[in-house]
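This briefing is meant to be read beside the sequence and the coordinates.

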Amino acid sequence: MHKKAIITSALPYANGEIHLGHVASTYLPADITTRFLKLCGVEAYYVCASDDFGTPILIQSERENKTPAEYVSHWNRRDCEDFAAFGIKFDYFYKTSSPENIEFVQEVFAKLDAAGHIYKQEIIQFYCKHDKKFLPDRYVRGSCPYCMAEDQYSDLCEKCGRVPEEITNPKCSLCGQTPTKEKTDHYFFKLKNFGAQLSEWLEKNDGLQKDVKKYVQNWIKEGLIDWDVTRDIHWGVPIPLEEAKGKVFYGWFDNHLAYISTAIKFLDEKGIDGKKFWNSADIYHFIGKDIAYHHYLFLPAMRMGLECEYKLPDYIPTRGHLTLQAKKLSKSKNWYIGLAEFLEYYPADYLRYYLVSINPYSQDDLNFDWDDFTTRINSELIGNLGNFVNRALGFTQKAFDGVIPDPGSPDEMDAEAESKVGRFAPDVRLLLEQNHLDRALKKIMEFSSYFNQYFQHKEPWKSGPGTAACVYNSANAVYCIAVAVSPFLPESAQKIWEQLGLDGKASDSSWNDITYGVKPGHKLAKSAPLFAKVEESDIAKYKEKLGPQK
């Protein structure tokens, strides 16, 4: 772990509302990691931007009779608001259509071209005679030539994760007719020339997931193909060549460059040399498994083509997709839950807790299940953590007028409790550094469960010997939980912090503070239950709101 870090996540496409599937694999893990790094004293910044270009946006803006700029501006604002309501705390949220990113993308292309990594070639492109336009990317749907999955876009198979050289059984996404083929000039990036460099980078980078590296290396062994970075549409970053007038860059050429341009703009405005900071920091790119091809091949190859002028990522945490009630999410079939809608039902921390607890650091898909959500929130978050905090602080108020007592000499059980406190922070920290967020949260819950049992066995309500020690150790266990859980459940951590009678914010403390932080004589504030029970009758209503899959 370095003293500096830049954290990014796959850019939210400015083409519709954020739903639970979006936040589970990328934004929530990135937010938790950033908060944790800051607690550890790392100068960490989480930057993001809306992904504003591409054919889906052009298609949808045409359908809504809006300009693409008007369309993406709306979703940029809406996404930012939804993320904030969920507790996702970006240090800076910008857009790929910014003048800074457009200039940076054109500059990168010019450097790659000058270095001999770009060439022009006449190609045959799908063309719709009915709509009178070329059909790149999501203007075409068909079957994947690799795995034969049907109804896939021409630029990415969502089933196998490959980028098809040409889709099979193509159909125009607008009118459904079979397109013809016409000639057009496109520009290509020489991706296949970087196979050896990519293999070496994958082999040497221990921060990348082994399972992801393995199948990316298999892709390289099968043979890479040069990457078409041109699109015959009007919405995108213009290619800075007179002979390419009217053409723009493919969205995947420009969007990940916004990681760099956005970070540098933010840092430069803070008076920090953005480029120097980038190259001296740990770089994290949080993604879902469907875009591993782009982040493990396109992204590093382009930076290699720039002679690594901008540092390659140290970590690309890659997680699986979220399903809903064991079915694939689908907006068209109304089988999804919008983030804003969910937050009308329950506090953000309920969802943050549940999504982390079911989300391992792997490409395995995870499933949002309403009944499991109910059980975990009621039995774990409320029955364990909420119960312990309330009984420990509530009893201190009742028996000691809210003042932390001097513990006196510890007995054997107290000594074990003190040992638990000593091991707690290092154990959780190690798991967070390894990106095992679910295991780290589980460790916090085990700590809370232990102190629940400790409190029960000590029976302080009987006012016998050891009562003061029990209260002192329990209150400090609550303090430790407040700091440790703050990256996961920031609102709940702050409530605990305030009930402990502490000033400032739990999130502004230090990971090194996870020890005995409330001393004898400290006065607690008023305590109150942290959470409200999830009612099964409410869950039944939310299930009914989901439309059936067709």
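How many cavities of 30 Å³ or more does the structure hold? The structure holds one, where a cavity is a set of points on a 1 Å grid over the protein atoms alone at which a 1.4 Å probe fits but cannot get out. This is a predicted model, in which local features need pLDDT of at least 70 and side-chain atom pairs count only at pLDDT 80 or more, while totals for chains, interfaces and linings use all residues. Residues are numbered from 1 along each chain as its sequence is written, and side-chain values use heavy atoms, with hydrogens and water left out.

**Largest cavity**
- The largest cavity has a volume of about 50 Å³, a volume being the space filled by probe spheres set on grid points that are joined across faces, edges and corners.
- Its lining, made of residues with an atom within 4 Å of a point, includes Ala24, Leu28, Arg319, Asn359 and Asp438.
- Helix 1 (20-39), helix 12 (348-357) and helix 15 (437-458) each supply at least two lining residues, and the largest share, four residues, comes from helix 1; helices (H or I, at least four residues) and strands (E, at least two) are DSSP runs numbered from the N terminus.
- By class, the lining of the largest cavity has seven nonpolar, one polar and two charged residues, with Ala, Val, Leu, Ile, Met, Phe, Trp, Tyr, Cys and Pro counted as nonpolar, Asp, Glu, Lys and Arg as charged, and the others, Gly among them, as polar.

**Second largest pocket**
- About 700 Å³ of space lies in the second largest pocket, a pocket being an open set of points with protein on both sides within 12 Å along at least five of seven lines.
- Of its 29 lining residues, the closest to the centre are Pro164, Glu165, Glu166, Phe188 and Asp228.
- Strand 4 gives the most to this lining, with six residues, and the lining as a whole divides into 16 nonpolar, five polar and eight charged residues.

- An open sheet of four strands has the order 5-4-9-10 with antiparallel pairing, two strands being paired if DSSP finds at least two bridges between them.
- Strand 5 (133-134) and strand 10 (227-228) are the edge strands, each pairing on one side only.
- Two bridges join strand 4 (residues 118-128) to strand 5, and Cys128 has Lys133 in strand 5 as its bridge partner.

**Helix pair**
- The axes of helix 6 (residues 210-222) and helix 10 come within 11 Å and cross at roughly 60°, the axes being lines fitted to C-alpha atoms over the stretch in contact, with angles from 0 to 180 degrees between N-to-C directions.
- Helix 6 and helix 10 are therefore oblique to each other, since angles under 35 degrees count as roughly parallel, over 145 as roughly antiparallel, 65 to 115 as roughly perpendicular and the rest as oblique.
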